[in-house]
Amino acid sequence: MKRLRSATSVALLLVGIAMLGWLAVPDRAPAARPYEGTTIRAVVNAEYVKYSLTLIEKDLYDALGVKIETEVIPADAFVAKTLLEFNSGSSPWDLIMFGPSNMPDYGRHFEPLEPWAAKLKLNFAMDDIVPVFAKVMLRFNGKLVSMPYDGDIHIMYWNKVAFERPENQKKFKAKYNYDLKPPKTWKQWDDASEFFNGWGWDGSQNKLFGAGASYKPSGSGYSYHWWRQRFFAYGGNYFDANMKPLINSPAGVRALEEMVKTIGFYPPGVMLFESEEPKTMLVKGEVPLLHSWTSTGKRVGNPGESVIVGKAGFGIVPGAEIDGKIVHRPAITPGRGMAVSKYSKKIEATMKVLEFISLPEQSLKIVMDAKTIMDPWRVSHLRNDKFRKLFPDADKYLDAIEQSFPLLVPDPVIPAADEYQRKLSFEITEALAKRKSPKDALDTAAKEWDKVTERRGVDKQKAFWGEKLHEMKQLGIEYHPEWAAKAK
Amino acid sequence: MMRRVGDGLTYAGLAVALVFFLGPFFWILTTSLKGNEDFFAYPPVWIPAEPSLSHYVALFTRSSGARYFTNSLVISSLSMFAALAVSLPTAYSIARWKFGGGFLSTLLLVLRMLPAIALIIPIYIMYKMMGLTNSYLGLVALYTVVYIPFAVWLLVGFLRDFPVEIEEAAMIDGCSRLKSLLRVVIPIIAPGLAVVALFAFIATWNEFLFAIVLTGIETKTMMVLVTSFTTGGTDQFYGEASASVVLGVLPAFAVAFFLQRYLVKGLALGGTKG
Amino acid sequence: MRMPALALKRKQWEPWAFASPALFLIGLVIVFPLAYSFYLSLLNFDLAVGPDAEFIGLRNYTEALTRDQRFLESIWNTALIIAPALVLELLLGLAIALLLNRVTHGRPIVTALIAVPAMVSPVMAAMAWRMMYGVKFGAINNLGRQLGIIDVYFDWFSTPWLSILAVVLVDIWHNTPFMMLVLLAGLQSIPQELYQAARVDGASAWQSFWSITLPLLKFTMAVGVMIRMIDLTKIFGLIFILTYGGPGGSTETLAFNTYLVGFKDFRMSYASALSYVIVFGVLILTLIFMRISRQREARAA
């Protein structure tokens, strides 16, 4: 009897332990993924962006069971095709990548995020978004409709070898009468590009070039970004309060004249360069100077292709010296945002996806990868330890970005922004190709801008622009007609 | 002697012509087989030591090349059949009964002169309203109709050469006209039909403007695929770009070989214009 | 006994029945859209602004022809491309056709090989040449450097004139084979006896060419040139891939400009008007050309 009782107690004890164990051990089978089997359609404007989405697709699937099918519409046709779809009241896509400067044209087709954030308890970590991007990339008519995806701005890169070689410094001082240093003004930039063009400033026998740029008129036009940063430093602005274009003011003409005069110091092919060609030349040590998108930094630090790892400097885009102070006006160029289409049939799933790809850890993966050309847009990206140690001087790179933030000049975020930009870029390239004088080119551009304003409705545009003018004033950016003459 | 020199010059001249016209294909082909070290090398590597198909694989998988290649195949094949099906009876009525007088030649001339851009704007608006953008049907319908006049022209030629007596004999035997067309005429002019079909295939395969405006992710064709490699410069995606060109010109090589005798007619009528 | 042609007696409806599918489709997909396009060109429909449009008559046409600098320039650019391309394609095509005509062995295969470029899409031709023109890794620059002809990277698109040249070169590569085939067919239709008679009379090869070949080839040449000219006014895919209208607007052609207006600016009505201007322009060119060649023929007869 006793043996039976003890056997039973042992058995019960064992069963009890087994039960406890079973309850404590986590489920072997994963919890059913909430959106298992769903595929959402995304549309992007370059293979790079499609590639960037593949970096998070596994985690996305593990977390939500969702797959993303991405269509690439080349940048040339992107705005046209997507807007054409939206304007006719439908779209085959759920998740839209777009350029924030086109928000006025796109915004009304996007599904507002806040109601869904409340319903699904989404966390977009809004406080972690860099303030200037939060201002420019998120809202339409006051409502939150998108999240940043790519924080494009321009910073300056230089090849330290070029600037620190004693022979170079001696030669430069002899010719220009001041010390060779990474340029802080456009005049210094032009001097440097003239100086470096046509010989082996790296000590070799190769014929190298002065500086890099992108001038192709495709997409919305690249040359506009290069021109704009001089234009604003010389006191320019897009329009005055009455929607009269100011692009052909003396500031604009001066900026364009300088570009035309110095185009000889840039590599052959520059007229049709898109974003990547000058970056390649920089990382291969063929141009010593480039101001371009922040994604360049990642390529600089990538030992797989760069010969200047650890030998590159990062700084703010040059400015103009006005009354003894240097005014920098780096540009937001234009970045990318992600939004949910109002016409989607899978809005809930897409909202979850949007939240996921915007998470600090996930978005960090995207902006850290050298092949994605996506740039940091969260404060946590810039302060992230891993990123700061990703390549030599990565911390200086991220600091340069952060220092540029307070100085940024946004695009004219009004309806027809894409058209304004295209017409202006076209005329700038006409002047660069020496088919028109800078003044004629900008006058033509101003006339084209007037035509666009008329077609959209002068009063409507004035209202939109009035808001932006006010915002820019708060950032300290105003039209200063007298600067063009006295800027040094 | 003079004749020898003349011959020598002739062969030399033709050799230069061949190099000029075929050289680019050769370069694109070898480029599509090169690896990074070969493409970016100087002195230039003209023929890679270790050719690889990795770019084709990348094109087919990452860039969805398989899907677009299939799309082009499907769209061109469907257009080819549809054009034939509709054009043959029309050609018949012109060849046998002189239907319409000079109307066909006028139509052909008009269509030859018409820039695609004149058609695409109204078609785009119409298709948007009918929901036909990004559909096989929309593109096939358009291609078929645009190709009808050329197909009819070619087929009229073939039918005119066809002896009426054989048809008559069949009809006396009790066949209706339609049946005689199907049972007797078609098998005999089958080579002619093949010619028209192949030309139709190539013309639709090469077509570009309608394709970029009217296709979407499911229906994009090879011609549209090529445009995704122009963004960012062709240096970055040289492999996929050249591979897509190789695939895009395959039909041209095939047709050139099969249709040597009919090349003039086909090209003159714009039968292969894109 | 020969049967009367009863089987051929046509029922009134048969031709119509046979042709009706084609006619219906043509009406639906070509005639109707063209008419709609003309109607559009008389409105100011602008998809960017909104779905409403009002009737403005011929204002689009007057704007295009008098105030649109960019459109007028695109006409000039197109002409700049057409002229050298036509001349060179004719000369080169003739030269190759003459050479081919002398060949007896293997002519079909050589003809087929040379014909291939004419059968590829202009988009493929442009892509292949774009890569060949590549500044750093393109075949042309690489070859030039290897042969010592150039010492630094040469940019084919650095100036407007050079870009036009680059475009013309690609078009020549793409379309000379067509011209060659047309001329070859023409050459082969010239009776051999004429040449034999001329040789008997002591004429040299050059004289035969000048007094027999050329005159008899005139009509064929005219046809070839006319077809090429019409096709050249429509040039689009080549520009899209090769230069996108650049540098500046120097290679922006008629069709390309119209495309930008319609599908980037969304000004559908204005773009329709532009495309009709192109159609009328081509029509006039064709009529002028036909009149000239008919005059020449009348005079030669």
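Analyst: Start with a strand pairing: H154(A) has W293(A) as its bridge partner in β8(A). Keep in mind that this is a predicted model.

User: How many bridges join β7(A) and β8(A), and in which sense do they pair?
Analyst: Five bridges, antiparallel. Strand β8 covers residues 289-293 of chain A.

User: Which strand do four bridges join to β7(A)?
Analyst: That is β9, residues 312-315 of chain A, and the two run antiparallel. In β9(A), G315(A) is the bridge partner of M156(A).

User: Is β7 of chain A enclosed or open?
Analyst: Largely enclosed by the rest of the structure, because six of its six residues, 154-159, are buried.

User: Which residues point which way from β7(A)?
Analyst: H154(A), M156(A) and W158(A) point one way. I155(A), Y157(A) and N159(A) point the other way. All are buried.

User: Switching to the interface. How much area do chain B and chain A bury between them?
Analyst: About 1700 Å², with 46% of it on carbon and sulfur atoms. The contact takes 20 residues from chain A and 20 residues from chain B.

User: How many salt bridges cross between chain B and chain A?
Analyst: The rule finds one. It joins the side chains of E85(A) and K128(B), at 3.4 Å, N to O.

User: Which elements of chain B give two or more residues to the side touching chain A?
Analyst: α6 (116-130) and α10 (209-214). By class, that side of chain B has eleven polar, five nonpolar and four charged residues.

User: And how many residue pairs are in polar contact between chain B and chain A?
Analyst: Four, with both residues at pLDDT 80 or more.

Technical notes: Residues are numbered from 1 along each chain as its sequence is written. Chains are lettered from A and ligands numbered from 1 in the order in which they are written. This is a predicted model: local features need pLDDT of at least 70, side-chain atom pairs count only at pLDDT 80 or more; totals for chains, interfaces and linings use all residues. Side-chain values use heavy atoms; hydrogens and water are left out. Contact means heavy atoms within 4.5 Å. Buried area is the accessible area (1.4 Å probe) that two parts lose on being put together, summed over both. A salt bridge is a side-chain nitrogen of Lys or Arg within 4 Å of a carboxyl oxygen of Asp or Glu. A polar contact is a pair of N or O atoms within 3.5 Å; within protein, one must be able to donate a hydrogen and the other to accept it, and residues adjacent in sequence count only if both atoms are side-chain atoms. Ala, Val, Leu, Ile, Met, Phe, Trp, Tyr, Cys and Pro count as nonpolar, Asp, Glu, Lys and Arg as charged, and the others, Gly among them, as polar. Buried means under 20% relative accessible area, exposed over 50%, partly exposed in between (1.4 Å probe, protein chains only). Two strands pair if DSSP finds at least two bridges between them.
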